[in-house]
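Try each task before reading its solution.

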Amino acid sequence: MADVRYEQATKLYSGTDVPAVDALDLEVEDGEFMVLVGPSGSGKTTALRMLAGLEEVDAGAVLIGGRDVTDLPPKKRDVAMVFQNYALYPYLTVSQNIAFPLKMAGVKKAERERQAAEVARRLGMERYLGRKPSQLSGGERQRVAMGRAIIRQPSVFLMDEPLSNLDAKLRVQMRADIAALQRDLGVTTVYVTHDQAEAMTLGHRVAVLDHGRLQQVGEPRELYDRPTNRFVAGFIGSPAMNLCDVTCEHGAVSFGGERVELGPAVANGSGAVVLGLRPEALEVGLEGLPARVEVVEEFGADAFVFSSAQIGGEETRLVARTEARRAPAQGERIFLRVKPEEAHLFDAETGQRLGA
Amino acid sequence: MRLRPAADAGAVSVPASPALARRPGKRRAAWRRRRLVLLLMSPWIVGFTVFFGYPLVMSVYLSFTHYDLLSSPRWIGTANYRYLFHDDPQVWTAVKNTLWYIAVAVPLQVLFAFGIALMLARARRGVGIFRTIFYLPALAPPVAATLGFVYILNPATGPVNVLLGHLGVQGPLWFHDPHWSKPALVALTVWGVGNTMVIFLAAVLDVPRHLYESAELDGAGVFSRLRWVTLPSISPVILFAVVFNVIQGLQYFTQAYVAAGVAAGQASQAADVTAVNLGYPQDSTLFYPVLLYQHGFTDFQMGYASAMSVLLLVVSFAITLVIVLNSRRWVYQAAPR
């Protein structure tokens, strides 16, 4: 096991001006489950591949266990990777696939087969040892890929969107399995996903990337409660945070004509700002900002009310969370009231968080 | 109310069920579809019948006759085959030469084609130019390419021996030496390996990149990746190349015919391709198809030549079958998508 450090690590693909990964500084502690999350093109997969040695690092350094591996080939980094499409060898059996790293390490056949059987048992795949990947389902293939990664007990696990090819139900199951496996093995894990649900449920910490730059790194709760900028605020959380351009005067904003006091954190703030409100920070009540319900999505106990309202003279879409049994009907006129203690403020120009 | 007797019931006219009424219509539609399919296939059916089926049947028939192209074929039973297996003094020389050529040329063709394809797949600059350079020889007409090789390998004036002479090496007699004539033809074959190379190149480029990356992370070096990723992935193409080139080897004619004739002509100062020259020097280039040609078109023993061609067809089929059956152990066939 080992810790992982990116030090100003940069990757610039030839023919482009903008780095895919721009001066990334990130530290993953020994045994930690770190999730890299971001939209397409954010550089998360490139950052993972730089750690694996599959992409050259153009500037900066990558360290594993305190050892500079920037210029080392992948096989000398002591890392194992699970690919998005599993990258199983289609002509080898499950047993041979799992044991492949041991074969490359020169381990004798009997020992390889013993260890492969043990790993397969751990993953519940012992019945499929003689099958080829084409005879397995997506979830089973994913387990074989996991088995191949864990058999040689690497210092670091790398996972590149390993659940993205599975259906929703299986994804939830495999998510729990991966979390349990990582907890049991205690191996440092770097996990890439664009799915924030995966990021929030799996990661000890989550690093949010956008356009190759690290936006924020922290525990899932911290990212949700205290997004460092407008991008993280909009990216983390589903449905996304409501972001409204408003004017702040003496610690209060006008929210569609309603004056909202924002407390001591921004008591002296003034000028154009962006008000961020999670759906649960908006209450559907009898007074407040008038809005018209467009869509209601019910999720068992809760419902999300998608509505439109006039804010600063512009039609703005807002989403509020309410109890499903008390949710308004589509087309109904409602009033939205802000919970000031749950409001976030961001600078209108830089997008950075204002206040604590 | 009285029940109608059963016999009467049968006499009542019952309207046909809709399913029964539709049947003639369905049959007509099926026949129309079949007719359209046959119509669309007709060019191929005519071509196959005229240019493959009829000659094949005629060859089999003629193989049991004496036929000199001038008089009508005369039925002689299995006499041609008995002569072929027991009495023809040249046939085993031709078989040995052909098998030698296949045993040496086919592995070399596959190796060179695969090697060049690997290099081209890895090349980063000038890929287009190199692909063209390596493929161009395949476009050269076989006769012209052979003439060029006979000139290049001319023992006295050819550039290869001149160069070897400068290096202090006595060059061989190439097409004039029974020990070097077949290797020279193999060199000519390997030089024109472009077609096989293109197929290998497409296969190598088609190997998923993530398999290489995965193997690299699993600790595989360059040769391990070649052994455990590239070769299994392209094994169907290797099988195709082996079968295709073996069949080509069994039918090897033009280059051997031209090289022997021209080399013999050089030796006698008269570029005259005659029966005497076939297999020059000392029957070392007398391949099975060359002997077949000699019997058919020089000696006008068309019945016997037909027997030889029928045997060639059977042997080609048998060898292909053996290779394909054997390949199940080493060829990976992807599941149909």
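**Exercise 1.** How many residue pairs are in polar contact between domain 1 of chain A and domain 2 of chain A?

*Solution.* Start with the ground rules. This is a predicted model, where local features need pLDDT of at least 70 and side-chain atom pairs count only at pLDDT 80 or more, while totals for chains, interfaces and linings use all residues. Residues are numbered from 1 along each chain as its sequence is written, chains are lettered from A and ligands numbered from 1 in the order in which they are written, and side-chain values use heavy atoms, with hydrogens and water left out.

Next, the bounds. Chain A has domain 1 (4-231) and domain 2 (240-354), taken from an automatic or database domain assignment.

Now count. Five residue pairs are in polar contact, both at pLDDT 80 or more. A polar contact is a pair of N or O atoms within 3.5 Å; within protein, one must be able to donate a hydrogen and the other to accept it, and residues adjacent in sequence count only if both atoms are side-chain atoms.

**Exercise 2.** Which side chains meet in a salt bridge?

*Solution.* The count between domain 1 of chain A and domain 2 of chain A is one. A salt bridge puts a side-chain nitrogen of Lys or Arg within 4 Å of a carboxyl oxygen of Asp or Glu. Here A:Arg230 pairs with A:Asp245 at 4.0 Å, N to O.

**Exercise 3.** What area do domain 1 of chain A and domain 2 of chain A bury between them?

*Solution.* Buried area is the accessible area (1.4 Å probe) that two parts lose on being put together, summed over both. The value is about 850 Å², with 45% on carbon and sulfur atoms. On the domain 1 side of chain A, A:Tyr224, A:Pro227 and A:Arg230 lose the most, together 67% of what that side buries. A:Arg230 is also one partner in the salt bridge with A:Asp245.
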